[in-house]
Amino acid sequence: MATKTSRRANPGYRCSECGWTTAKWVGRCGECQAWGTVTESGADASSGRTPAATVATPAVPIGEIDASQARFHTTGVSELDRVLGGGLVPGAVVLMAGEPGIGKSTLLLDVAAKVARHRRPEGSTRSVLYVTGEESAAQVRLRADRIGAVADTLFLAAETDLGRALGQIEKAEPDLLIVDSVQTLQSQSVDGTAGGVTQVREVAASLINEAKSRNMTTVLVGHVTKDGSIAGPRLLEHLVDVVCQFEGERHSRLRLVRAVKNRYGPTDEVGCFDLGDAGIVSLEDPSGLFLSGTLNPVEGTCVTVTLEGRRPLVAEVQSLLTPSGQGSPRRTVSGLDSARINMILAVLQRRAGFPLNQDDCYVATVGGVRLTEPASDLAAALAIASAKLNAVVPKGLIAFGELGLAGEVRPVPGIGRRIREAARLGFRRAVVPKSPEPLGELPDGVAVAEVRTLTEALETMKDWAS
């Protein structure tokens, strides 16, 4: 008698971070090398392909699509509008990530109130729903009173259940939804604890579906891990339209917001904010925060111009050298890359003849700013040389350029723009790398020395000092 056989469905396993699949379970993903992310997918490899479904809305020519539905609406915060490319887009989903206590909730509560107060051209106001899962409604109200973020059409809901949060959205029908944070919401339809990979994926997918179907702008607050990356599955960053990173030192009032992904605008802009007792305010001209402001020049200091996105920022680098009482001299760096400072010390000793192997070296920036651009190499080198020579860098001098191991000064982008920004703040002398690109029109009275090597830069500094 013939027997009817059936193939057993192979469940398969899939990495929740990168999507890598395997026939059997493993503890570590073979693609992204993440631990504990391979879970059973439950997909039947022999089930065949997905059949075509009936289309309710057929495709239309691109010229007939109304582009006005995707126009920007201002947030009321100029620096945030700069980062987003002009403001918020209806239906867009924005992920705002940052360390705890850095000011994410304060900034978004201020944005919520300003959007709620802003009137449309026909005179009506926009409704905003703020869903908080980390604080009670009373705690959020206290912050709103402190920063002046109370508006008639700003609604507040303290929810940790995704179903109830979706119910709040149906009742309020907001134009802007803010969820603080996406890791605190939990769906009863899937297993796992709040903040886990499965829960974050389900919560994000549900909120994104609501945003797209209702043409509702949605801002999700995200936590970060110890290494600064966004917590949860990497899929979350791929699903959203904009990813913004909130940066800043805990002991500094300066906060920076940069877009690491933006489907509607540039990703090379940065917004500057000042976090104080009255809330967080935009800093349209933050350069003065990064200068010491001393009336008399001091040896071991040099001013540079760095580009944060497309914005030039004037910052000061300070250096201090003291005789080392140990066999191995100390190297302490704050606000700069310690590896690059060690390289600059080696170049100064080998190419410029500065004996630095018996000195403790301390290098820092002013105002808590972090300079990651290689263009700050030349200013750091001149500051260290000034400290070693016990000679003051001439007042009103700036220097920028990338320093190579051979002692050459390499060109950097935006030389003319950097010089013009420094001239606006009163600097009239600039030591810059020789570049084939024209500098453009410079302000009157600005002296520019284009150098090719570190030795030329040091000689120029000595000439101008005399």
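These legends go with a handful of close-ups of the structure above.

This is a predicted model, so local features need pLDDT of at least 70 and side-chain atom pairs count only at pLDDT 80 or more, while totals for chains, interfaces and linings use all residues. Residues are numbered from 1 along each chain as its sequence is written, and side-chain values use heavy atoms, with hydrogens and water left out.

**View 1. An open sheet of 9 strands, with mixed pairing.** The strand order is β6-β5-β7-β8-β4-β9-β10-β11-β12. At the edges stand β6 (154-158) and β12 (279-282), each with a single partner strand, so one side of each has no neighbour in the sheet. On average, neighbouring strands are turned by 20 degrees against each other, direction ignored. Helices (H or I, at least four residues) and strands (E, at least two) are DSSP runs numbered from the N terminus, and two strands pair if DSSP finds at least two bridges between them.

**View 2. Two strand pairs of the sheet, β4 with β9 and β11 with β12.** Strands β4 (residues 93-97) and β9 (residues 242-247) run in the parallel sense over 4 bridges, with Ala97 opposite Gln245 in β9. By contrast, β11 and β12 pair in the antiparallel sense over 4 bridges. A hairpin through 2 residues links β11 to β12, and Leu275 sits opposite Ile280 in β12.

**View 3. Helix α4 against the sheet and against α5.** Helix α4 (residues 162-172) lies across β5, β6 and β7, at about 165 degrees to β5. The axes of α4 and α5 (residues 197-214) come within 11 Å and cross at roughly 10 degrees; axes are lines fitted to C-alpha atoms, for helices over the stretch in contact, and angles run from 0 to 180 degrees between N-to-C directions. Contact here means heavy atoms within 4.5 Å.

View 4. Ser181 is in the loop between β7 and α5.
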